[in-house]
Amino acid sequence: IYMPSSLRWLCLTNLFCWSSLVCYSLYFTDFVGQAVFGGDPQAPENSELRILYDKGVRFGCWGMCLYSLSCSCYSFLLDKLVKKFRAKPVYIGGQLIYTIGMIGMAFTRTKWGVLLFSWSAGVMYSTLFTMPYLLVAHYHETDTIECEDSWFLRQIRELLASIKGEPPQV
């Protein structure tokens, strides 16, 4: 029902990042087939546009392989990065790497840009699977979560007190 604003921002950021990464994963090979190779998925079989699209999809699969490889490498280094720079900068840095990579891919639309910038998606995937959970665990471990005394929270306390039969707290 209630969470500190820092955790609320973490949840919101995580939602948008996952949405972005899922869109990348679903449409990446199609993007390569159409935007990079100039093919058309609705063109008739064995036509030049369809052949270009199919080549682009196959080439996009290489980008997805590099995405997986970068995810593995970054996951291996993540613990060392957190120890050296702390969790929050590593989390934000992973998001920035992904953002720059996707902007670079959108603007270059070249075969080599696809291969180079696909690495950034692996960084984001690894970041999303580890860093939010690490940050939440840190909050609970250090007990740094402080709840604001809002009207809504006071209403919940009064409701719980009335259920327990205790006098309301002021």
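Is Arg 50 buried or exposed? Arg 50 is buried, because its relative accessible area is 19%; buried means under 20%, exposed over 50%, and partly exposed in between (1.4 Å probe, protein chains only).

The model is predicted: local features need pLDDT of at least 70, side-chain atom pairs count only at pLDDT 80 or more, and totals for chains, interfaces and linings use all residues. Residues are numbered from 1 along each chain as its sequence is written, and side-chain values use heavy atoms, with hydrogens and water left out.

**View 1. The whole fold has 5 helices and 0 strands.** From the N terminus on, the elements run α-α-α-α-α. Helices (H or I, at least four residues) and strands (E, at least two) are DSSP runs, numbered from the N terminus. The protein has 170 residues, and buried residues make up 33% of them.

**View 2. Glu 45, Arg 50 and Asp 54 are linked in a network of salt bridges.** A salt bridge is a side-chain nitrogen of Lys or Arg within 4 Å of a carboxyl oxygen of Asp or Glu. Arg 50 pairs with Glu 45, and their closest N and O atoms are 3.3 Å apart. Arg 50 also pairs with Asp 54, here with the closest N and O atoms 3.5 Å apart. Asp 54 and Arg 50 both lie in helix 2, 4 residues apart, about one turn of the helix. Glu 45 counts as exposed because its relative accessibility is 56%. Asp 54, at 26%, counts as partly exposed. Side chains of opposite charge can pair when their charged atoms come close.

**View 3. Asp 79 and Lys 83 meet in a salt bridge.** The N to O distance is 3.4 Å. Both residues lie in helix 2, 4 residues apart, about one turn of the helix. Asp 79 is partly exposed, with a relative accessible area of 47%. Lys 83 counts as exposed, at 67% relative accessibility. A search of the whole structure finds 3 salt bridges.

**View 4. Ser 72 and Val 123 are 8.7 Å apart in space, C-alpha to C-alpha.** In sequence, 51 residues separate Ser 72 and Val 123. Ser 72 lies in helix 2 (residues 48-85). Ser 72 counts as partly exposed because its relative accessibility is 48%.

**View 5. The largest pocket holds about 470 Å³ of space.** The lining has 16 residues, of which Leu 10, Lys 88, Tyr 91, Leu 135 and Tyr 139 lie nearest the centre of the pocket. Helix 1, helix 3 (87-108) and helix 4 (111-142) are the elements that give two or more residues to this lining. Helix 3 gives the most, with 6 residues. The lining divides into 10 nonpolar, 4 polar and 2 charged residues. Ala, Val, Leu, Ile, Met, Phe, Trp, Tyr, Cys and Pro count as nonpolar, Asp, Glu, Lys and Arg as charged, and the others, Gly among them, as polar. On a 1 Å grid over the protein atoms alone, a pocket is an open set of points where a 1.4 Å probe fits, with protein on both sides within 12 Å along at least five of seven lines; lining residues have an atom within 4 Å of a point. Grid points are joined across faces, edges and corners, and the volume is the space filled by probe spheres set on the points.

**View 6. Trp 9, Leu 12, Leu 15 and Phe 16 form a nonpolar patch on the surface.** Together they have about 470 Å² of accessible area, from the Shrake-Rupley method with a 1.4 Å probe; for residues, only the protein chains shown count as cover. Patches are made of residues with over 30% relative accessible area and no salt bridge: like charges are joined within 9 Å, nonpolar side chains (Val, Leu, Ile, Met, Phe, Trp, Tyr) within 5 Å. Phe 16 is found in helix 1 (residues 5-36). Phe 16 counts as exposed, at 54% relative accessibility.
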